[in-house]
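Let us walk through this structure step by step. Keep the sequence and the 3D view side by side as you read.

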2 protein chains.
Amino acid sequence: MKTMTKGAAALPLNTIISGDCIEAMNALPAESVDLIFADPPYNLQLRGDLHRPDNSKVDAVDDAWDQFSSFAVYDKFTREWLKAARRLLKPNGAIWVIGSYHNIFRVGAALQDAGFWILNDVVWRKSNPMPNFRGKRFTNAHETMIWAGKDENSKYTFNYEALKALNEGIQMRSDWVLPICTGHERLKDEMGDKAHPTQKPESLLHRILVGSTNPGDVVLDPFFGTGTTGAVAKMLGRDFIGIEREEAYRKVAEKRIKSVRKFDKEALQTTTSKRAEPRVPFGQLVERGMLRPGEELYSLNGRYSAKVRADGTLVGNEVKGSIHQVGAAYEKAPSCNGWTYWCYKKDGKRVPIDILRQQIRAEMAN
Amino acid sequence: MKTMTKGAAALPLNTIISGDCIEAMNALPAESVDLIFADPPYNLQLRGDLHRPDNSKVDAVDDAWDQFSSFAVYDKFTREWLKAARRLLKPNGAIWVIGSYHNIFRVGAALQDAGFWILNDVVWRKSNPMPNFRGKRFTNAHETMIWAGKDENSKYTFNYEALKALNEGIQMRSDWVLPICTGHERLKDEMGDKAHPTQKPESLLHRILVGSTNPGDVVLDPFFGTGTTGAVAKMLGRDFIGIEREEAYRKVAEKRIKSVRKFDKEALQTTTSKRAEPRVPFGQLVERGMLRPGEELYSLNGRYSAKVRADGTLVGNEVKGSIHQVGAAYEKAPSCNGWTYWCYKKDGKRVPIDILRQQIRAEMAN
DNA sequence: GCGCTTCGTGAATCCGGCC
DNA sequence: GGGCCGGATTCACGAAGCG
């Protein structure tokens with residue numbers, strides 16, 4: 001068992017903790033987890049894990065009161081596990097919660113009240129849902145996920161380029177079409193029955209973990225079930241912590257995860273954004289002699305020009321400053337990317353100066 | 001003005017009431033309305049300006065009516081208008097509310113607490129949403145609607161067969177793909193600017209009203225805006241009551257609804273028969289306004305014609321049914337591909353309706 | 001008139017590192 | 001922690017303009 005120490009307590013990585021998720025979370029060290037994925041129970045019936053606010057018994061109350069009471073009990077449970085979960089998140093951590101119309105509105109409101117900051121709601125659109133047999137409602141063909149940062153200022157992880165690549169070059173939308181979990185992926189018990197009633201497809205967790213974690217991150221699932229989160233985390237080179245009350249589920253999950261193999265390191269590298277690349281000051285081009293002080297630069301559209309100065313600033317017609325500032329001033333725009341805006345003359349043709357930056361970055365990589 | 005008396009007060013049908021929706025609703029008689037459609041403020045909390053990559057500025061929804069100082073204030077407002085709305089519903093009435101992740105979880109929880117019984121959450125998947133310009137989140141490509149009965153025992157209206165027909169024989173799902181409101185349908189003010197920042201498409205209301213009301217039903221919209229609910233209600237032979245605070249919106253809505261024509265009685269009769277099941281539902285052409293209920297279609301050979309109905313069926317000379325069924329009946333053939341058989345008139349020329357299906361397929365490919 | 005290109009715009013909680 | 005400033009970032013349509 002791989003562990004990680006943070007303060008006094010140890011973080012039991014890649015294991016399944018047995019027991020109630022609220023107690024188990026409270027026993028873990030604060031601010032130690034990068035991402036939480038939670039698939040909480042949503043039946044509003046009173047169950048062993050749900051306590052009434054006053055522990056009183058309900059006997060022969062009218063329906064309205066009973067309904068209100070059961071919402072109150074569910075809300076209390078929700079607020080407690082969300083509070084425990086939020087404590088475990090690193091400052092830039094985030095959470096995903098999945099639910100249906102029975103519970104997701106209560107969970108979403110509790111999430112906001114707890115200080116989480118919603119980033120998106122994402123709809124899992126099932127390509128093969130169960131039809132509505134009685135013809136009294138719409139086919140319940142989707143579930144809702146909420147993605148939220150620990151707070152409003154959380155610098156959450158979002159692998160924009162990787163998700164865009166997953167979507168054939170187009171920005172990923174908030175509605176995901178994915179099939180439900182069937183066939184070989186669906187785990188069975190000894191009797192041949194499904195091992196868990198609501199096993200989530202690995203494709204769903206794949207997209208979530210690729211999009212909002214990096215390799216080596218710690219992912220916590222407080223309602224682990226048969227361990228889809230752990231299995232996909234392992235494949236993707238992330239560490240997981242699972243919490244599950246039911247021994248039967250833990251056993252299935254344990255066996256399942258043992259048989260999973262991590263993908264090659266190469267396969268785990270995803271498309272990265274320009275933002276992640278090292279910053280190159282424009283002045284370096286001058287220092288290195290790629291551009292000379294006094295040399296003229298031309299705007300991409302050919303309408304403007306400006307002169308390079310020795311300190312890496314530009315001077316143009318009544319404006320001077322950085323490549324970005326002068327470009328923005330000329331275009332009367334709020335901002336401007338000088339790297340793609342300005343060109344130098346090479347063999348009589350205009351070439352964007354970004355070419356020179358790329359040369360420097362290539363050198364730096366060696 | 002058509003009115004209806006129920007108890008002491010009169011019901012102002014097919015008019016727009018001026019003023020605050022809570023006060024206005026409290027002045028109306030209890031249990032007098034069949035359906036409520038509500039598009040309340042979303043409580044967007046926008047901070048700075050947002051620019052597109054081309055430096056143009058996004059026209060944000062920064063209207064005063066969308067500003068609330070806290071979740072608590074928003075919740076109080078929500079619970080009050082929901083309470084007033086619920087009082088107006090007949091015992092078997094129902095409500096639809098639309099929102100985004102900013103407000104829908106709070107609205108949904110309040111709805112449940114008020115005693116409404118959620119029947120489905122329905123996702124409006126936008127075929128052409130605004131992208132995420134900074135690459136920091138998923139494209140916000142959907143909005144969520146909640147459909148709920150007045151209480152758990154409400155015998156709500158659900159025109160299962162009509163919706164199934166609209167979806168060409170396949171049970172209607174909880175996710176609807178429809179384009180946002182643009183082009184001619186989007187209302188403009190005298191300046192040529194959009195008359196309302198969040199005008200909903202008529203196709204959305206068409207599906208809601210066909211599915212959960214009957215001709216002659218009373219539909220209330222407490223956040224009437226520019227009156228999409230009223231316009232579609234009138235087309236479909238339902239009575240409406242609108243409530244709107246802003247005079248500018250009321251004026252636009254008034255004018256809009258005046259120019260709307262009710263569809264033929266025949267077109268409003270929805271089918272009760274079962275349908276065959278191809279892929280792109282013909283009903284979508286009607287919902288999206290590509291073909292209008294009551295519009296005449298002509299056979300490719302020019303010998304026959306039939307009229308389009310609101311649920312996506314055709315009615316002709318002694319025959320009614322799907323585009324395929326009516327075509328087959330006319331040709332005394334065992335079967336017929338209605339898509340290539342039927343034409344609509346464009347600039348006096350017959351054009352096969354398959355052209356329209358291809359347009360939708362192009363959108364769906366996105 | 002037709003096809004091609006350009007331009008405008010839509011319910012948006014839309015940056016982050018360094019000094 | 002606040003302010004400065006470098007610099008990264010968009011999809012689907014419809015309308016309008018052009019040849």
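Start with B:Ser174, found in the loop between α4 and β8 of chain B. Helices (H or I, at least four residues) and strands (E, at least two) are DSSP runs, numbered from the N terminus. This is a predicted model, in which local features need pLDDT of at least 70 and side-chain atom pairs count only at pLDDT 80 or more, while totals for chains, interfaces and linings use all residues. Residues are numbered from 1 along each chain as its sequence is written, chains are lettered from A and ligands numbered from 1 in the order in which they are written, and side-chain values use heavy atoms, with hydrogens and water left out.

Is B:Ser174 buried or exposed? B:Ser174 has a relative accessible area of 0%, so it is buried. Buried means under 20% relative accessible area, exposed over 50%, and partly exposed in between (1.4 Å probe, protein chains only). Look at what B:Ser174 touches, leaving aside residues up to four places away in sequence. Its neighbors in chain A are A:Phe138, A:Thr139, A:Asn140, A:Ala141 and A:His142. In chain B they are B:Asp121, B:Val122 and B:Val123. Contact here means heavy atoms within 4.5 Å. The side chains of B:Ser174 and A:His142 are joined by a polar contact of 2.8 Å. A polar contact is a pair of N or O atoms within 3.5 Å; within protein, one must be able to donate a hydrogen and the other to accept it, and residues adjacent in sequence count only if both atoms are side-chain atoms.

Now step back to the whole interface. Chain A gives 52 residues to the contact, and chain B gives 52 residues. The area buried between the chains is about 4800 Å². Carbon and sulfur atoms give 50% of that area. Buried area is the accessible area (1.4 Å probe) that two parts lose on being put together, summed over both.

How many residue pairs are in polar contact across the interface of chain B and chain A? The rule finds 31, with both residues at pLDDT 80 or more. On the side of chain B that touches chain A, α3 (104-113), β6 (117-126), β7 (142-149), α4 (160-166) and β8 (175-178) each supply at least two residues. The largest share, nine residues, comes from β6(B). By type, this side of chain B divides into 23 nonpolar, 17 polar and twelve charged residues. Ala, Val, Leu, Ile, Met, Phe, Trp, Tyr, Cys and Pro count as nonpolar, Asp, Glu, Lys and Arg as charged, and the others, Gly among them, as polar.

Charge pairs come next. Side chains of opposite charge can pair when their charged atoms come close. A salt bridge is a side-chain nitrogen of Lys or Arg within 4 Å of a carboxyl oxygen of Asp or Glu. Over all chains, the structure holds 31 salt bridges. Five cross the interface of chain B and chain A. In one salt bridge, the side chains of A:Asp113 and B:Arg106 meet at 2.7 Å, N to O. A network of salt bridges links A:Arg125, A:Arg173, A:Asp175, B:Arg125, B:Arg173 and B:Asp175.

Other salt bridges lie within chain A. The side chains of A:Asp34 and A:Lys90 meet at 3.1 Å, N to O. A:Asp34 lies in strand β4 (residues 33-38) and A:Lys90 in strand β5 (residues 89-99), so the pair ties together parts that are 56 residues apart in sequence. A:Asp34 is buried at 17% relative accessibility, whereas A:Lys90 is partly exposed at 26%. A:Asp354 and A:Arg357 form a salt bridge too, with the closest N and O atoms 2.8 Å apart. Both lie in helix α12 of chain A, three residues apart, about one turn of the helix.

At 13% relative accessibility, B:His324 is buried. Its side chain reaches the backbone nitrogen of B:Gly338 at 2.8 Å.

Finish with the cysteines. A disulfide is a pair of cysteine sulfur atoms within 2.5 Å. The search finds zero disulfides over all chains.
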